[in-house]
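Subject: Structure handover

Hello,

Here is the structure I said I would pass on. Please open it next to this message and follow along.

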Amino acid sequence: AEQNSDSGKALLKTAVQHLETALQILPLDLVAVRATCLADLGHAFSLIGENQSQSISTLQEVIRLAESVNDTFRIGENQLKLAKVYRSAGNTGHALHFAEAALRTYASLAPEAEDELLEVLNFLETVEEKESPQEVFTA
């Protein structure tokens with residue numbers, strides 16, 4: 001299993017190199033294509049797991065690009081991705097912040113983003129369950 005994990009990471013690192021090359025050669029005015037490459041790059045960084053700050057900064061750049069062209073759906077999508085990265089990095093406060101931002105973003109798209117709203121609500125439940133102290137009952 002460890003060999004599969006190592007080969008998977010090697011493939012992800014190769015994908016990262018290709019995505020970075022694509023971003024270097026893509027014209028700046030192809031905002032949607034650049035945002036897609038950046039989102040994939042952020043996801044790859046997250047899966048590699050060696051440096052979550054690269055994933056975070058890449059996803060933040062996707063949000064900035066999406067904001068520049070008023071792509072509200074992409075903004076919400078990447079706010080949720082950021083929340084998931086922060087949760088996996090153990091930063092519950094930031095995870096909640098970005099999940100709540102995604103919730104507001106998707107709510108602004110209602111009723112077109114109902115499935116996405118449910119996904120965010122489910123995510124928030126799992127984060128808040130981990131955050132809330134467990135009550136201990138003694139007899």
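Below is what was found in it, taken topic by topic.

Confidence comes first. The model is predicted. The mean pLDDT of the protein chain is 89, with 91% of its residues at 70 or more. Over residues 134–139, however, the pLDDT is below 50, and beyond near neighbours in sequence this stretch has one contact in the model. Among the elements, the lowest mean pLDDT, 88, belongs to helix α1 (residues 2–25), and the highest, 97, to α5.

Next, two helices whose lengths can be checked. Helix α5 covers residues 92–107, which makes 16 residues. At 1.5 Å a residue these should span 22 Å, and the end C-alpha atoms are 22 Å apart, so the two values agree. Helix α2 (residues 31–48) has 18 residues and reaches 25 Å from first C-alpha to last, close to the 26 Å expected. Just after α2, glycine 49 takes a positive phi of about 75 degrees.

Both helices have buried residues. In α5 they include Ala95, Phe98, Ala102 and Tyr106. In α2 they include Val31, Ala35, Leu38, Phe45 and Ile48. An α-helix has 3.6 residues a turn, so residues three or four places apart point the same way.

Now the cores. The largest nonpolar core has 22 residues, and Leu82, Tyr86, Val120 and Phe123 have the most contacts inside it. Two or more residues come from each of α3 (52–68), α4, α5 and α6 (114–131). A second, separate core has 16 residues, including Val16, Ala35, Cys37 and Ile48. In soluble globular proteins, nonpolar side chains tend to be buried together.

Leaving aside neighbours within four places in sequence, leucine 82 is in contact with Ile56, Leu59, Gln60, Ile63 and Phe98.

The structure holds two aromatic pairs. One of them joins tyrosine 86 and phenylalanine 98, which are stacked at 5.6 Å centre to centre with 10 degrees between the planes. Tyrosine 86 lies in helix α4 (residues 72–88) and phenylalanine 98 in helix α5, so the pair ties together parts that are twelve residues apart in sequence. Both tyrosine 86 and phenylalanine 98 are buried.

Two further buried residues can be looked up one at a time. Leucine 117 is found in helix α6. Its relative accessible area is 16%, and since buried means under 20%, leucine 117 counts as buried. Apart from neighbours within four places in sequence, leucine 117 is in contact with Leu103, Tyr106 and Ala107. Leucine 117 and alanine 35 are 82 residues apart in sequence and 22 Å apart in space, C-alpha to C-alpha.

Arginine 74 is in helix α4. Arginine 74 is also buried, with a relative accessible area of 16%. With neighbours within four places in sequence left aside, arginine 74 is in contact with Ala32, Ala35, Thr36, Val62 and Ala66.

Last, two details in the loops. Asparagine 70 lies in the loop between α3 and α4. It has a positive phi of about 55 degrees although it is not a glycine. Is asparagine 70 buried or exposed? With a relative accessible area of 65%, asparagine 70 is exposed. Proline 111 is found in the loop between α5 and α6. The peptide bond from alanine 110 to proline 111 is cis, with omega near 5 degrees.

Regards

Key:
Residues numbered from 1 in each chain as written. Predicted model: local features only at pLDDT ≥ 70, side-chain atom pairs only at ≥ 80, totals over all residues. Heavy atoms only, no water. Helix = DSSP H or I, 4+ residues; strand = E, 2+ residues; numbered from the N terminus. Expected span 1.5 Å × (residues − 1). Buried < 20%, exposed > 50% of the residue type's maximum accessible area, 1.4 Å probe, protein only. pLDDT = per-residue confidence, 0-100. Contact = heavy atoms within 4.5 Å. Phe/Tyr/Trp six-rings, centres within 6.5 Å; stacked < 30°, edge-to-face > 60°. Core = buried A, V, L, I, M, F, W, Y, C linked by side-chain atoms within 4.5 Å.
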